[in-house]
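Q: Please show me the structure. I would like to learn how to read its features one at a time.

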Amino acid sequence: SLEKQVEDLKKEAETKEESVLQKTKASEAAVAEVHSQLFSAREEAASLEAQLSMTEAAKVELEKSLKEREEVVSSLRADATKLGEKIQNIKLSEANKAEAESASQTAQVSALQAENRRLDALLQEANKQKEDIKKANSGLQEECQRLRVDNQGLEHDVVDLARMLTELK
């Protein structure tokens, strides 16, 4: 009867050990999955940071181009004013030529203003994308933190399971 009890206890211990091993394997698989997700999240965050950097560089280039365009527009407006003064001092035939040239420059100014508006729209879109990237990055950071907390909990579970396994042995 004592041998039967010993044998029953051995079987029960083996069953519990097998259960603990299965749970340990499942925990290890879950930890590996969390590590994989964390790695993917880090890669995605790095990609988003690279996109943000490129967006910021594009913004700087757009602002530089916009400033250059504004200087050109300002210069063309100054030139148009000078031409208007010259028109008053030129003979009637030359006045017609100056008016035609002024119209051409006004068309150029209009084209530059249209380009300026287009660049403004691009700059606004770049700023919006930058904000969207910042929001996405923030969300990824929160997810990373949550995964770290989950990972710590799983690590504690693995340690507890290992301790329990050791105690069972």
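A: A search of the whole structure finds 12 salt bridges; a salt bridge is a side-chain nitrogen of Lys or Arg within 4 Å of a carboxyl oxygen of Asp or Glu. This is a predicted model, in which local features need pLDDT of at least 70 and side-chain atom pairs count only at pLDDT 80 or more, while totals for chains, interfaces and linings use all residues. Residues are numbered from 1 along each chain as its sequence is written, and side-chain values use heavy atoms, with hydrogens and water left out.

Q: Which residue forms a salt bridge with Asp8?
A: Lys4 does, and the closest N and O atoms are 3.8 Å apart. Both residues, Asp8 and Lys4, lie in helix 1, 4 residues apart, about one turn of the helix. Helices here are DSSP runs (H or I, at least four residues), numbered from the N terminus.

Q: Is Lys4 buried or exposed?
A: Buried means under 20% relative accessible area, exposed over 50%, and partly exposed in between (1.4 Å probe, protein chains only). Lys4 is exposed because its relative accessible area is 55%. Asp8, with 37%, is partly exposed.

Q: Where do Lys11 and Glu7 lie?
A: Lys11 and Glu7 are both in helix 1, 4 residues apart, about one turn of the helix. Their side chains meet in a salt bridge (3.8 Å, N to O).

Q: What does Glu115 form with Arg69?
A: Glu115 and Arg69 form a salt bridge, with the closest N and O atoms 3.9 Å apart. Glu115 lies in helix 2 and Arg69 in helix 1, so this pair ties together parts that are 46 residues apart in sequence. Glu115 is buried, with a relative accessible area of 19%, whereas Arg69 is partly exposed at 29%.

Q: Which residues does Asn116 touch?
A: Contact means heavy atoms within 4.5 Å. Not counting residues up to four places away in sequence, Asn116 touches Leu66 and Glu70. Asn116 is in helix 2 (residues 92-168) and is buried, at 16% relative accessible area.

Q: Which residues form the negative surface patch?
A: Patches are made of residues with over 30% relative accessible area and no salt bridge, with like charges joined within 9 Å. Here Glu61, Glu68, Glu70, Glu71 and Asp120 form the negative patch. Helix 1 (residues 2-89) gives the most to the patch, with 4 residues.

Definitions and conventions. Patches are made of residues with over 30% relative accessible area and no salt bridge: like charges are joined within 9 Å, nonpolar side chains (Val, Leu, Ile, Met, Phe, Trp, Tyr) within 5 Å. Accessible areas come from the Shrake-Rupley method with a 1.4 Å probe; for residues, only the protein chains shown count as cover. Lys and Arg count as positive and Asp and Glu as negative; His and the chain ends are not counted. The place of a charge is taken as NZ of Lys, CZ of Arg, CG of Asp or CD of Glu. Helices (H or I, at least four residues) and strands (E, at least two) are DSSP runs, numbered from the N terminus.
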